[in-house]
Amino acid sequence: MWPTALPCRAGCLGGERVSLDPSQFESLFRAHQADVYGWIARIVRDRGAAEDLTVETFWRVWRHRERYDASRPFLPWVRRIASRVAIDHLRHAPRLVGLERTPEARDAANPEGQSLQAQLENAIRSLPAKFQAVAVLSLVEEKAPGEIAEAFEIPLATVKTRRARAIQMLRRKLEAMGVRP
Amino acid sequence: MNDDELLKKLRGMKMPAGPEADLWDRVQHRIAEAPARFSAWDWAIAAAAAAVFLLYPELAAALLYHL
């Protein structure tokens with residue numbers, strides 16, 4: 001099953017890969033699959049797409065394995081790749097589709113609450129990709145600005161600016177929908 | 001609804017974490033099935049080479065001579 005005929009690219013020594021071999025790759029995958037999936041799912045808010053994008057992320061990790069530096073933590077590197085994959089998806093994903101929610105949130109919501117939540121979901125989904133990503137990670141998932149900045153390779157101040165702009169845009173979009181935030 | 005209420009509503013929309021299935025088989029399939037795709041840069045180089053050979057066909061003979 002494992003492709004043994006993969007070409008040895010940069011990072012090879014005497015024909016042997018020294019950056020990341022298949023067993024190391026599998027170990028890293030097993031250790032970080034859930035985190036990468038969770039990170040992507042939080043950004044794209046679609047479980048099916050998150051699975052596809054997790055596969056895509058680890059495929060890119062393998063493809064660029066010569067860039068892997070074993071002396072540095074794997075998670076920040078793979079999260080940066082996952083963030084790029086997720087943002088690309090948001091840029092091309094259809095807007096204004098219903099987003100998934102936790103079963104608890106779905107059960108707890110009354111009909112009026114469901115309607116408001118659907119409007120909030122659509123308002124978030126209609127934001128430009130880079131604002132949408134920061135909005136969901138910061139406002140919905142309550143991730144720390146530093147964590148978001150590192151994953152998207154942007155300055156901390158940019159995260160804070162995008163967060164503030166996202167709130168403004170959300171308020172405007174909700175007002176346009178007839179919701180008075 | 002003020003900002004605090006808006007933020008509270010947003011926080012109620014958290015996504016569940018963790019995949020429903022192990023994705024290792026899919027990753028292996030992806031690696032095995034997908035050959036390295038040409039990047040835009042690769043296509044640009046190929047297009048430039050094709051353009052050179054179309055504009056200066058005599059270069060093809062020179063290249064073949066040196067191979």
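Predicted model: local features only at pLDDT ≥ 70, side-chain atom pairs only at ≥ 80, totals over all residues.
Colleague: Let's begin with chain A. Which elements does chain A have, and in what order do they run from the N terminus?

Modeller: Chain A has 8 helices and 2 strands, and from the N terminus on the order is β-β-α-α-α-α-α-α-α-α. Of its 181 residues, 50% count as buried.

Colleague: Now the interface. How many residues does each chain bring to the contact?

Modeller: Contact here means heavy atoms within 4.5 Å. Chain B gives 31 residues and chain A gives 45.

Colleague: And how do I read the buried area between chain B and chain A?

Modeller: Buried area is summed over both parts. Here about 3,800 Å² is buried between the two chains, with carbon and sulfur atoms giving 65% of that area. On the chain B side, B:Met13, B:Met15 and B:Trp24 supply 21% of the area that chain B buries against chain A, more than any other three residues.

Colleague: What about charge: how many salt bridges cross the interface?

Modeller: The rule finds 7 salt bridges between chain B and chain A. One of the pairs to look at is B:Arg30 with A:Glu56, whose side chains meet at 2.7 Å, N to O.

Colleague: Which helices of chain B supply the side that touches chain A?

Modeller: Helix H1 (3-11) and helix H2 (24-33) of chain B each supply at least two residues. The largest share, 8 residues, comes from H2(B). By class, that side of chain B has 17 nonpolar, 5 polar and 9 charged residues.

Key: Residues numbered from 1 in each chain as written. Chains lettered and ligands numbered in written order. Heavy atoms only, no water. Buried area = accessible area lost by both parts, 1.4 Å probe. Salt bridge = Lys/Arg side-chain N within 4 Å of Asp/Glu carboxyl O. Helix = DSSP H or I, 4+ residues; strand = E, 2+ residues; numbered from the N terminus. Nonpolar A, V, L, I, M, F, W, Y, C, P; charged D, E, K, R; others polar. Buried < 20%, exposed > 50% of the residue type's maximum accessible area, 1.4 Å probe, protein only.
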